Amino acid sequence: MKLRHAITVASLAVALAACDNMANQPKRLPYELPYGAQANWPALPPQHIIAHDEKPVAVPPVTMALLERGQQRFDIYCAPCHSKIGDGRGMIVQRGFPQPPSYYIARLRDAPNQHFYDVITHGYGAMYSYADRVGAEDRWAIVAYIRALQASASAQIADVPPDKRQTLQ
Amino acid sequence: MAIFGPRANLFMNVALLAAAGGVTFLLILIWVVPVMGYNSQERYTPRQPVPFSHKHHVSGLGLDCRYCHTTVEISQNAGIPPIHTCMTCHSQIWTNAEMLAPVRQSLAEGKPLRWTRVYTLPDYVYFDHSIHIAKGVGCTECHGPIGDMPLTRKATTLYMSWCLSCHRDPAPHLRPKDQVFNPHWQRTADTPSGKELMAEYHIHPETLSDCGVCHR
């Protein structure tokens, strides 16, 4: 009789254990409070910490692929304020954000590449840093694209290869 | 004394009816309730600490999804923007809006905002955003017309049958890669057909419904 009771209790215990909800497992997922976490999770990194992937990279050679990547990233992260052509009249500026300078002014034409890189990394005046969203390689791609934009503004018809001129006229 | 009284027939009929009713009720419970919108939380629109509007920011201002959901192309998770991202704009505009008070408070106290999840899968399901983006599945195929939502609303059931309905035949859900982030994309006459896109992206649906794809 005792044995039978023991078996009943044991099988009930197993059955009840299986009721544990499979949808919630003790597995670490982003945006989920880990087991026993404090209320202020996720903890912010302490000050003066440098992110692991925030290391400088060699300046990549300018290729068509780099420029295309630069254009894509520029349109996502910079165009809302600087506009797609870089004159500083993007959508957010039209809604009241301070207007950034146009990329075509003499000071920015003469500025070294490193200046643009540093503006993306650290921000500049009212503009916040984009380091958390634009990686080091992409920053160089954006710089290359801004240079291409600047060059295009002073381009002459003579700079266009003869076989392509017709498409412009 | 008779075993069955004069009202035995009545009792029997009532009992039979009740049993039939009970069985129907059970069947409804098993087959209908699970597919009801209430259960799947389809159209569920949770209250958020800040009434963030994709309609305003995406359709109104023309922001790209990746401005905020930075990691969607490269990782399993799309990523929810940190306060820093909101402040790139709201440090200068709408700085006194009552609606944005929790954002400013979160910045001042260094405490992240707690958004309520809209889409969430059980822990035993493996999902990855990057592969879907790389193969030309647009955000709106799964998240509905999010560019028109003043508050984020769950657009699908997230049932296994929903995943499988696309994995068995992805062709009608594919689009050119440069349109993946466009919330208003429509197929036009000169869009390559689903078949052509399947070939271009090298998609082989034969293996896409193997259990191990999503349960690993």
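This is a predicted model: local features need pLDDT of at least 70, side-chain atom pairs count only at pLDDT 80 or more; totals for chains, interfaces and linings use all residues.
In which helix of chain A is A:R139 found?

A:R139 is found in helix α7 of chain A. Its relative accessibility is 1%, and since buried means under 20%, A:R139 counts as buried. The side chain of this arginine has a polar atom that lies 2.8 Å from the backbone oxygen of A:V134.

Let me step back to the chain as a whole. Chain A has eight helices and zero strands. Read from the N terminus, its elements therefore run α-α-α-α-α-α-α-α. Of the 169 residues in chain A, 29% are buried. Turning to contacts in chain A with a separation of 6 or more, 45% of them are accounted for by residues 24 or more positions apart.

I now come to the packing of helices. In general, two packed helices are described by the angle between their axes and the distance between the axes.

Helix α6 of chain A covers residues 113-122, and helix α7 of chain A covers residues 136-153. Their axes come within 9 Å and cross at roughly 125°. That angle makes α6(A) oblique to α7(A). The crossing of α6(A) past α7(A) is right-handed.

Which residues of α6(A) and α7(A) meet? From α6(A) there are A:N113, A:Q114, A:F116, A:Y117, A:I120 and A:T121. From α7(A) there are A:A136, A:R139, A:W140, A:I142, A:V143, A:I146, A:R147 and A:Q150. By class, the residues of this contact of α6(A) with α7(A) divide into eight nonpolar, four polar and two charged.

Finally, I turn to a helix pair in chain B. Helix α5 of chain B, residues 83-90, and helix α6 of chain B, residues 101-109, have axes that come within 10 Å and cross at roughly 120°. Here α5(B) passes α6(B) in a left-handed crossing. The contact is made by B:I83, B:C86 and B:M87 on the α5(B) side, and by B:V103, B:S106 and B:L107 on the α6(B) side. How many nonpolar, polar and charged residues does this contact of α5(B) with α6(B) have? The contact has five nonpolar residues, one polar residue and no charged residues.

Methods. Residues are numbered from 1 along each chain as its sequence is written. Chains are lettered from A and ligands numbered from 1 in the order in which they are written. Side-chain values use heavy atoms; hydrogens and water are left out. Axes are lines fitted to C-alpha atoms, for helices over the stretch in contact, and angles run from 0 to 180 degrees between N-to-C directions. Helices (H or I, at least four residues) and strands (E, at least two) are DSSP runs, numbered from the N terminus. A crossing is left-handed if the near helix is turned anticlockwise from the far one by less than a right angle, and right-handed if clockwise. Contact means heavy atoms within 4.5 Å. Ala, Val, Leu, Ile, Met, Phe, Trp, Tyr, Cys and Pro count as nonpolar, Asp, Glu, Lys and Arg as charged, and the others, Gly among them, as polar. Angles under 35 degrees count as roughly parallel, over 145 as roughly antiparallel, 65 to 115 as roughly perpendicular and the rest as oblique. Buried means under 20% relative accessible area, exposed over 50%, partly exposed in between (1.4 Å probe, protein chains only). A polar contact is a pair of N or O atoms within 3.5 Å; within protein, one must be able to donate a hydrogen and the other to accept it, and residues adjacent in sequence count only if both atoms are side-chain atoms.
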